[in-house]
Amino acid sequence: MQTDSYRHKGMRRALIKVLQEKGIRDPRVLAAIEAVPRHFFFEKAFLEQAYQDKAFPIGEGQTISQPYTVAFQTELMQLKPTDKVLEIGTGSGYQCAVLLQLTPHVYTIEYNRALYEKAVMFFKKYGLKPHTFHGDGSEGLPAHAPYDKIIVTAGAPGVPRSLVRQLKVDGSLIIPVGDAKSQKMMRITRVEEDEFTREEFHSFKFVPLLGSSGWDAAQ
């Protein structure tokens, strides 16, 4: 098990200043980022990269998202401690660990079995307790719906209808939508049973969302 030293904490404080300079304002989000030792998700040889504001490969063609992206998506969610959250794309588990700082009610699903098994071992090792699932996250997790918030950590060709249908009224979906090169971050809010609003934010570049409502179907 890795340690979280004064040096690591100092590197996180420096990262928080970078995120503030880039426009992240929510103090609870900043505190959550500062609380999670990002270097735990890296091999020890790559410690210096852990607190740079950059994405980093984690194997299986996937990445751990850059801290700004994690903070931006999390801030858009406007999480409350009672919110029930579905994360599409567990990946390394970093985004999930940040969410758990804000609400204990986190469900996370991963498409890639190797990454899923690695994340489950990580959560157990560090005493984190999200509800973990392996499967096609592009279809959500209907058995445990509805959710207050849904976050998608991969780029989608469109907004999956199955995901917005799993939102509670007043719930919102945070999802990057676009082509393989660039996606616009979007927030879809279910204002009534059959009425949704759509907001569009900055452009990002994510790995592709796989599954029947992702790029598997779009290809």
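## A buried threonine

Thr108 is placed in strand 4, which spans residues 106-110. Helices (H or I, at least four residues) and strands (E, at least two) are DSSP runs, numbered from the N terminus. Thr108 has a relative accessible area of 0% and is therefore buried; buried means under 20% relative accessible area, exposed over 50%, and partly exposed in between (1.4 Å probe, protein chains only). Leaving aside residues up to four places away in sequence, Thr108 touches Glu87, Thr90, Cys96, Pro130, His131, Thr132 and Phe133, where a contact means heavy atoms within 4.5 Å.

## Basis of the model

The model is predicted: local features need pLDDT of at least 70, side-chain atom pairs count only at pLDDT 80 or more, and totals for chains, interfaces and linings use all residues. Residues are numbered from 1 along each chain as its sequence is written, and side-chain values use heavy atoms, with hydrogens and water left out.

## Overall form

The protein contains 8 helices and 9 strands. Along the principal axes, the C-alpha atoms fill a box of roughly 50 × 35 × 35 Å.

Of the 219 residues, 52% are buried. Among contacts with a separation of 6 or more, 54% join residues 24 or more positions apart. The accessible surface comes to about 10,500 Å², and carbon and sulfur atoms hold 53% of that surface; such areas come from the Shrake-Rupley method with a 1.4 Å probe, and for residues only the protein chains shown count as cover.

## Nonpolar cores

A nonpolar core is a set of buried Ala, Val, Leu, Ile, Met, Phe, Trp, Tyr and Cys residues joined through side-chain atoms within 4.5 Å. The largest has 44 residues, and Leu19, Ile24, Ile33, Phe41 and Tyr94 have the most contacts inside it. At least two residues of this core come from each of helix 1 (6-21), helix 2 (27-35), strand 1 (56-59), helix 4 (67-77), helix 5 (94-100) and helix 6 (113-125).

Residues up to four places away in sequence not being counted, Ile24 touches Leu19, Val29, Leu30, Tyr68, Ala71, Phe72 and Glu75. A second, separate core has 20 residues, including Leu86, Ile88, Leu163 and Ile188.

## Two prolines in loops

Pro160 is found in the loop between strand 6 (147-152) and helix 7 (161-164). Pro160 counts as buried because its relative accessibility is 4%. Beyond residues up to four places away in sequence, Pro160 touches Ser138, Ile175 and Ser213.

Pro146 lies in the loop between strand 5 (131-134) and strand 6. The peptide bond leading from Ala145 to Pro146 is cis, with omega near 5°.

## Backbone exceptions

Most residues other than glycine have a negative phi, and most peptide bonds are trans. Gln78, although not a glycine, has a positive phi of about 50°. Gln78 is placed in the loop between helix 4 and strand 3 (85-88), and its relative accessible area of 53% makes it exposed.

Asp170 also has a positive phi, near 80°, in a residue other than glycine. Asp170 lies in strand 7, residues 167-178, and at 59% relative accessibility Asp170 counts as exposed.
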